[in-house]
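The exercises below are meant to be worked with the sequence and the model open side by side. Try each task before reading its solution.

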Amino acid sequence: MSDHAKLDFSELVESYYTPLYRFAYSLAKNEHEASDLTQQTFVIYAQKGDSLRDASKIKSWLFTTLYREFLRLRRRAAHVTPQENEILEVEAPPVEPGIARALDSQSALEALEQVDEAYRAPLTLFYLKDLSYKEIAASLDIPIGTVMSRLSRGKAQLKTILLSRAAS
Amino acid sequence: MDSTQAKAILSAYRADMPDADEAAFAEALEQVGHDPELAQWFEDEQNFDEIFAGKLHDIQPPADLKDKLLALDPDKKTIPFPQPESDSSTPKPQLPGQRPWWKRSSILSAAATVAVLLGFGAVLLDPSKLEAEPELNQFYDQLGDNFRQNPKLTGTSNDLDDIRGKLRASGLRAPGALPPKVDSLAEVGFGSFSYKGTTISYVVESQGNQTFCLYLLDKSLAGNALPQDGTPVIFQQEDLAMMAWVGPQNLCVLIVRGPVEEMNNLR
């Protein structure tokens with residue numbers, strides 16, 4: 001019997017549906033599509049989960065599946081920009097704590113939405129705190145060095161966006 | 001490593017990451033201890049991250065999402081097919097949906113008065129035992145030909161309710177309540193074509209790498225070839241797997257390329 005066979009479906013739902021929904025909502029920015037993506041992820045798990053041999057990878061697998069479903073629905077290709085494996089120098093503007101505190105979750109998502117798509121997913125997963133760096137890399141199918149560089153660049157963009165919104 | 005390089009690296013750092021001890025951070029973290037300005041920046045950065053992360057954690061799933069997900073448990077095969085209104089004496093169990101409630105609730109509320117949900121299951125028939133009406137067989141052939149030529153989309157949408165509305169607005173047949181696992185396929189778009197003086201509408205859907213097409217026809221075509229209680233019939237038509245059932249409004253034929261086993265997951 002594989003590790004997977006010992007996993008209880010309801011326990012998986014209990015453990016992961018909230019973080020998966022948050023990730024989905026961060027990507028889709030509407031309740032309907034976020035619920036749809038979350039459900040589709042578990043539908044696919046119900047159909048294909050038997051092929052998972054390593055129970056420790058289920059969390060990454062679920063996030064990967066959800067992200068791929070999102071990309072597929074949006075008909076977007078997940079391109080990996082070349083020469084991104086190095087953490088390059090990024091100057092992020094300082095953001096007063098009050099600016100971040102004044103945000104509500106919707107405003108935070110709207111700011112994230114303006115971040116370049118390549119940086120948005122890793123940045124969202126970073127802030128959701130559900131995955132390690134390696135798991136983020138696995139979920140997005142990119143090298144861990146790329147995760148780091150996208151986080152740096154994504155945060156720099158995010159801060160610039162927040163400052164711009166605060167000034168306007 | 002200068003201060004700017006250290007900031008770039010540390011901006012990706014989160015102390016509570018299980019693998020925050022990545023070597024990439026070590027040198028930059030060490031530099032924090034020697035550079036007061038960098039240390040202050042790092043503290044501000046961590047505060048910003050904590051505040052922003054908190055905003056995302058304010059997002060809460062809809063109250064009934066968990067129940068919808070638990071209903072997908074493959075070990076609890078309680079997913080029924082919608083039934084036509086003729087059989088209204090059976091109690092109506094709660095339909096565990098794979099479709100999001102905002103789509104399903106409207107469908108169910110309308111269907112609740114006309115639909116009775118019976119037991120789960122499809123009939124997997126030996127093609128040789130199928131006694132389809134001759135005309136129905138011609139339609140199956142035509143649907144197969146249309147599918148093999150990649151049905152042309154007159155509109156794209158990933159929202160079934162949206163597709164329903166557009167088909168109805170064009171005076172075309174639109175899908176009613178679908179079996180939950182069929183309902184869970186991801187919509188791509190819709191279209192229509194004419195055959196033997198009748199217009200056949202269709203919804204193209206996908207799951208993984210597979211493309212499905214749900215064709216909607218006049219239910220009178222089914223004759224006695226299909227169960228009138230909505231039980232689906234799965235059969236092979238050359239290189240295509242087909243699942244046909246009589247819905248409340250339409251004769252529905254779902255097609256995917258491959259053996260009939262491809263369709264079994266949707267029973």
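**Exercise 1.** Which residues of E7(B) lie on one side and which on the other, and are they buried or exposed?

*Solution.* The model is a predicted one, and the strand to locate is E7 of chain B, residues 240-246. In a regular strand the side chains alternate between the two faces of the sheet. Reading E7(B) in this way places B:Leu240, B:Met242, B:Ala244 and B:Val246 on one side, with B:Ala241, B:Met243 and B:Trp245 on the other.

**Exercise 2.** Identify the strands joined to E7(B) by bridges, and give their direction.

*Solution.* Begin with E6(B), residues 233-237, which runs antiparallel to E7(B) and is joined to it by 5 bridges; here B:Phe235 has B:Met242 as its bridge partner. The hairpin of these two strands has 2 residues between them, and B:Glu238 takes a positive phi near 55 degrees. Continue with E8(B), residues 250-257, again antiparallel to E7(B), with 7 bridges; B:Trp245 is partnered by B:Cys252, and the hairpin connects the strands through 3 residues.

**Exercise 3.** Describe the contact between chain A and chain B.

*Solution.* Count the residues, which gives 60 from chain A and 54 from chain B. Next take the area, about 5,300 Å² buried between the chains, 63% of it on carbon and sulfur atoms. Finally, look for charged pairs: there are 6 salt bridges, including that of B:Glu45 with A:Lys159, whose closest N and O atoms are 2.3 Å apart.

How values were computed: Residues are numbered from 1 along each chain as its sequence is written. Chains are lettered from A and ligands numbered from 1 in the order in which they are written. This is a predicted model: local features need pLDDT of at least 70, side-chain atom pairs count only at pLDDT 80 or more; totals for chains, interfaces and linings use all residues. Side-chain values use heavy atoms; hydrogens and water are left out. Buried means under 20% relative accessible area, exposed over 50%, partly exposed in between (1.4 Å probe, protein chains only). Helices (H or I, at least four residues) and strands (E, at least two) are DSSP runs, numbered from the N terminus. Two strands pair if DSSP finds at least two bridges between them. Contact means heavy atoms within 4.5 Å. Buried area is the accessible area (1.4 Å probe) that two parts lose on being put together, summed over both. A salt bridge is a side-chain nitrogen of Lys or Arg within 4 Å of a carboxyl oxygen of Asp or Glu.
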